[in-house]
Amino acid sequence: MRLRILLSTLATALILSSCGSDPESLDGRAAEIYPGTCADGNGRSVTIYSGRTENLILPVLEAFGCETGTDVQVRWGASTDLALLINEEGDRTQADVFLSRSPGPVGYLESNDLLGTISSDVLSLVDEQNHSAAGTWIGFSGRKRVMVYNIDEYSPADLPDSVFDLTAEEFRNKVALPGTNGSFIDWFTVFMDQHGKDVATQWLNDMVDNGARYYPNNRSIVEATGRGEISMGLVNHYYNYQEQAASGNDHRAENYDFNNEDIGSLLIITAATILDSSTNVEASEDLLEYLLSAPVQQYFTDRTFEYPLAAGVIPNDALPELTALEIGSVNFDELGGGFEEASRIIEASGILNR
Amino acid sequence: MNKAETKQRGPAGLQLVVLGLAFLFSFPALYLIWRNFTEGGNPAELIGTRRILDPLWRSVSLALAVSATTAAIGTALAWLTNRTDLPGNRIWRVVLPIPLVFPTFIGAAAFIRTMNPGGLANRMLSELGIETVIEMRGFFGAWSVLTLFCYPYVYLPVAARLRQLPSSLEENARVLGQNPSQIILRVVLPQIGSVIAAGTLLVFLYTISDFGAVQLMRYDTLARSIFTSQLADQSVALALSLILLLLAGAIVAFERIFSRVKFTTDEALVGKPVQYSLGRWRFPAIGFVSLIVLLSTGAPLLALGDWATDGLIRTTRGGYPLTIDKEQVWESTWNTFSISVLAGLVAVIAILPIAFLVARYKSRIGSVAHSVIIATFALPGILIALAMRFWTLRSDWAYDLVNNTEVLLIFAYVVRFGSLAMGVILVAVAAVPKRLHDAGKILGVRKFSRFARIDLPIMTPGLAAAAGLVILSTMKELPITLLISPLGFSTLATRIFSSFEDAFVAEAGIMALILVALSSVLTWFLVIRKADHL
């Protein structure tokens, strides 16, 4: 009997929780992007598979839904997992738009012919190097590669100008590399393209010989550096801001910027794509355009500490100065199987067992 | 089929039901075989290469080590908290299953934050003048953290079994002049041996499937090789996964041969379980249980609490606001609760017929179903999710029916975690004395009425414990929830992941604490209260 009551309560609650009313206007961070009243439904809908996390991008999607009246549905997840899911779903995927943290998963979908073409109106919103020549993907924000270091052990004056110097004896057993992390693999792919495969592979092998240590992702390196478990590590720039915000003075780490011309200062973009199978192309393009609108780009730089990519938006002063070298500028399309090759070289270097 | 054969192999109806269930539970295995075929994966080519042998060896050695320690610790804890006068038993019983609910990606990270150099425990100890330099990493780190998070797989079923053992045998042994340690060794252990083995098998399989803990401890196992090659080399990832499944199948077969359990019992259920007095072992016992709780639950909770309070203090001081609001947290908490309870119920209902067939009859179908369900536990969750998606896309009918619904999600959870319910339910089914059952038959009680009035009440604690195991695991489940839940459906685990991915540690800490609180309430209700109503 009790079981029956429990079951029926559950069933009712499931039904109730599935219907909600549309808000008249937004609050919180979404209202910073769009403070007005919400438009009536325009009869359009768009389904997004998002590898960018909810904390960073939900306010943007809420603002888009409110301002345009488009019905927005989202599946959150890790970019790699979502790319695998889309590949499994093929042309029956629910996704219209895929937002990726880094270019690797996008390249995977592209090589499986699952991406559609974005219209030139939208592509023209960013510099040429920040979208693919074929128009299959467009960048909408950027993160910079930096080195996080422990401030009790090092001062910036003691740190090198280039990642190439990290193979020196004085940095033996000091440096952490996130070998299996998507951004790192993307970075290494460009490294191979810029300096040649042999130079890049040699650098990685020298790093391994020099006692570089593997950590699974940016966050764990930033956290371990803040505790002093490791002295420094190659990461994306914005994790340190979150750790500082949460742990304050207990977190003993800061970002260090290599020389601006150095490969260690690469800008890696987050990418948006429209799936080839999408039947909501118009709403999808509207969304991509919205991601590149001034209020949203301003939000990315002010609130999530990222670099804006649309013309005319000025980066947050808290961010390290922007370099000329951006991932798009090396023409990611032509890298072809670069991501796969980079993964293999990283695995073969033995770093993953360090 | 003559009557005697039916008696041996089980009623045709039951066999048919189990066959159907076995088919549903084989979806992931069939998916892997099919995809290896279509993607040109070639497991045979990989076997024998260093690419597979090194991580395979690391997986197996880690799994063996974790199995050994969890078997010992889980059994000892179950014994101490259920059969002795250990002070605080009721509290320990609520606290001990908690580690099961930490999603390993944040649990292991929190553990590292407390235990490693410069961590919270280090700072506390160095205030007291004690300097420690142990660093949790590699084999040692993975082994410690998996032991501490996995012992409940042994502890929970063994505790359920210990509470169920009738006192008569032990009383007899005592009357015959055996001392307590002789009784434990000769009378109790043989009766709980099969349960310990079943729990340990789950630990072994979980360890080879785990990705979260091994990657944070930087220990390169087969599961990690699968993850790192997924995008770059899909055919290799698929081949590696199939090898993982074959390994699991071999282990399961091995276990079935060597712990061939007699699943019927004629024991009469007489009297409450015997309680033993610890005497001078009282303090060492308290020390042992406290140490385990401190390391397995205390260490991660310390870091989670630290992150959470920093976040809360920050907002009161006008710092960077939290990125989650009450409404979102409430919604995810409710979703977590409802979906996991439903998954627990469905798992018990699905496993029960299979357990009946396996425990009461000699049926090949039962054997196969049992092995498939247990071996599937070795597969990483993402493969289950992809397999479920793959099969629903093969038929328009299935697609329209279950796509984007909770039905598909619950189905996937049950396939992922059905193995957890299997062992406990087998024991529960076997615990119904044949004599009692036969008496009911002679008295002319009908089949279903017999089930409801004789079997069910006796099995209830076991079924509750089985549901509890599935519920606690579902609550923390991540890849399946992310990939095949209805659009817009979020649980505490998915929100913790989302926050933690981008280092929003304060938000992740707050929600992880809520997850632990919710699981403790459910554990108390299901595992403790139900069981004490025996």
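Residues are numbered from 1 along each chain as its sequence is written, while chains are lettered from A and ligands numbered from 1 in the order in which they are written. Local features need pLDDT of at least 70 and side-chain atom pairs count only at pLDDT 80 or more, whereas totals for chains, interfaces and linings use all residues.

Start with confidence. The predictor assigns the complex an ipTM of 0.89 and a pTM of 0.90. Chain B has a mean pLDDT of 86, where pLDDT is the predictor's confidence in each residue, from 0 to 100. Of the residues of chain B, 94% reach 70 or more. Where pLDDT is low, the predicted coordinates should not be read in detail.

Next, the interface. Here 51 residues of chain B are in contact with 52 residues of chain A. Two residues are in contact if their C-beta atoms, placed from the backbone, lie within 7 Å. Several helices of chain B give two or more residues to this side, among them H16 (282-316), H17 (326-360) and H26 (505-532). Helices here are DSSP runs of H or I with at least four residues, strands are runs of E with at least two, and both are numbered from the N terminus. By class, the chain B side has 22 nonpolar, 14 polar and 15 charged residues. Ala, Val, Leu, Ile, Met, Phe, Trp, Tyr, Cys and Pro count as nonpolar, Asp, Glu, Lys and Arg as charged, and the others, Gly among them, as polar.

Now the helix packing. In chain A, H7 (residues 182-195) and H8 (residues 197-209) pack at an angle of about 130°, with axes 6 Å apart. Axes are lines fitted to C-alpha atoms, for helices over the stretch in contact, and angles run from 0 to 180 degrees between N-to-C directions. H7(A) and H8(A) are therefore oblique to each other. Angles under 35 degrees count as roughly parallel, over 145 as roughly antiparallel, 65 to 115 as roughly perpendicular and the rest as oblique. Phe188(A), Phe191(A), Met192(A) and His195(A) of H7(A) meet Lys197(A), Val199(A) and Ala200(A) of H8(A). That contact holds five nonpolar residues, one polar and one charged.

The axes of H5 (residues 50-83) and H14 (residues 222-229) of chain B come within 7 Å and cross at roughly 135°. H5(B) and H14(B) are therefore oblique as well. Pro55(B), Leu56(B) and Ser59(B) in H5(B) meet Leu222(B), Ala223(B) and Ser225(B) in H14(B). This contact has four nonpolar, two polar and no charged residues.

Back in chain A, H3 (residues 54-68) is mostly covered, with 15 of its 15 residues buried. A residue is buried if 20 or more other C-beta atoms lie within 10 Å of its own, exposed if 12 or fewer, and partly exposed in between, with C-beta atoms placed from the backbone. Just after H3(A), Gly69(A) takes a positive phi of about 80°.

Finally, the loops. Most residues other than glycine have a negative phi. Asn173(A) has a positive phi, near 60°. Asn173(A) sits in the loop between strands S4 (137-150) and S5 (175-177) of chain A, and counts as exposed because it has 11 C-beta neighbours inside 10 Å. Ala503(B) also has a positive phi, near 65°. Ala503(B) lies between H25 and H26 of chain B, but counts as buried, with 24 C-beta neighbours inside 10 Å.
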